Amino acid sequence: MGYPDQRFDVNLSILFTELPLLERPAAAAAAGFTAVELWWPWIETPTPPQAELDALKKALDDAGTQLVGLNFYAGQLPGPDRGALSVPGEESDRFRANIEVAADFAASVGCTALNALYGNRVEGADPQVQDALALENLVLAARAADRVGAILLVETLNKPESPLYPLVSAPAAIEVVDKVNAATGLGNAKFLLDLYHLSMNDEDLSQVIKAYAAKTGHVQIADNPGRGAPGTGSLPLERLLDELKDAGYAGWVGLEYKPGDRPSAESFDWLPASARAAG
């Protein structure tokens, strides 16, 4: 058990950001990793030119890295936004315009997990109207994901850093997952269990794992406090990942932490080089 028994991937939207996007897959590969994930890389547009999509696919292929997770368009992220799908008006329209683009790109690189960030509460908008819009858009996203053999992920964030985001507990995200699955009948909506965010919400992590491992489609980690690499804070991440495995989770564990004031490649000293390439 322990870290060497996990399947890790590197989030290239928070690690290796000192490099241009197209150089990051090769950098992850040079550090020993064979799997990566990404937030939606084109924060200004849900529909980038095909040439830019093709260039990213080539960079992933040339590096020998497998994309195992991709966010749908989520607005300004990093930045003030936390998704677009529940935001009435232009942002919701942009999310819808992105659905098939993201699904088709995922299919082209063999990525089977698409994360749909819920979006912030908007001043002056009725939360019930936002939630109805969210369900409508998540159903569309789940069907698109199913078309390309992928799962749809719904993520809990943390209230201190995302005070306007409504899904700030594991049960809140699970409720949305269940509603989407009930609406589609597909069963491909899953929980994105981020141990850092849940710990920032003071949730009982072991209890969350026991309760929801079966509904979990992806896991992400960072230490707390600071959102740094494992070992920089106080979270018992190795034990918690063992608990996930014992509870039946056999999927990917995304490294979604900040490298601090050192180059990203130097932030992996907590993980033996032999444990970085996913089998």
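Contacts between residues 24 or more positions apart make up 76% of the contacts in the protein chain with a separation of 6 or more, in what is a predicted model. The secondary structure of the chain comes to 8 helices and 8 strands, and its radius of gyration is 17 Å, close to the 19 Å that the globule rule gives for 279 residues, so the chain is as compact as a globular protein of that length. The C-alpha trace spans about 50 × 45 × 35 Å along its principal axes, and 54% of the 279 residues count as buried.

**Barrel**

- The 8 strands close into a barrel in the order E1-E2-E3-E4-E5-E6-E7-E8, with parallel pairing, and the twist from one strand to the next averages 30°.

**Helix H8**

- In H8, which covers residues 237–246, the buried residues are Leu237, Leu240, Leu241, Asp242 and Leu244.
- These buried residues pack against strands E1 (7–11), E6 (189–194), E7 (216–221) and E8, and also against helices H6 (195–200) and H7 (205–212).
- Gly248, which follows H8, has a positive phi near 105°.

**Nonpolar core**

- In soluble globular proteins, nonpolar side chains tend to be buried together.
- The largest nonpolar core of this model holds 88 residues, and those that touch the most other members are Phe8, Leu255 and Phe268.
- When residues up to four places away in sequence are not counted, Phe268 touches Val10, Leu15, Phe16, Ala31, Phe33, Leu255, Tyr257 and Arg276.

**Ser267**

- Ser267 is found in the segment after strand E8, which covers residues 252–255.
- Ser267 counts as buried because its relative accessibility is 0%, where the cut-off for burial is under 20%.
- The side chain of Ser267 reaches the backbone oxygen of Ser264 at 2.7 Å.
- Not counting residues up to four places away in sequence, Ser267 touches Leu15, Ala229, Tyr257, Pro259 and Arg262; Leu15 and Tyr257 are also among the residues that Phe268 touches.

Definitions and conventions: Residues numbered from 1 in each chain as written. Predicted model: local features only at pLDDT ≥ 70, side-chain atom pairs only at ≥ 80, totals over all residues. Heavy atoms only, no water. Core = buried A, V, L, I, M, F, W, Y, C linked by side-chain atoms within 4.5 Å. Buried < 20%, exposed > 50% of the residue type's maximum accessible area, 1.4 Å probe, protein only. Contact = heavy atoms within 4.5 Å. Helix = DSSP H or I, 4+ residues; strand = E, 2+ residues; numbered from the N terminus. Polar contact = N/O pair within 3.5 Å; in protein donor to acceptor, adjacent residues only side chain to side chain. Pairing = 2+ DSSP bridges. Axes fitted to C-alpha atoms, helices over the stretch in contact; angles between N-to-C directions. Rg over C-alpha atoms; globule rule 2.2 N^0.38 Å.
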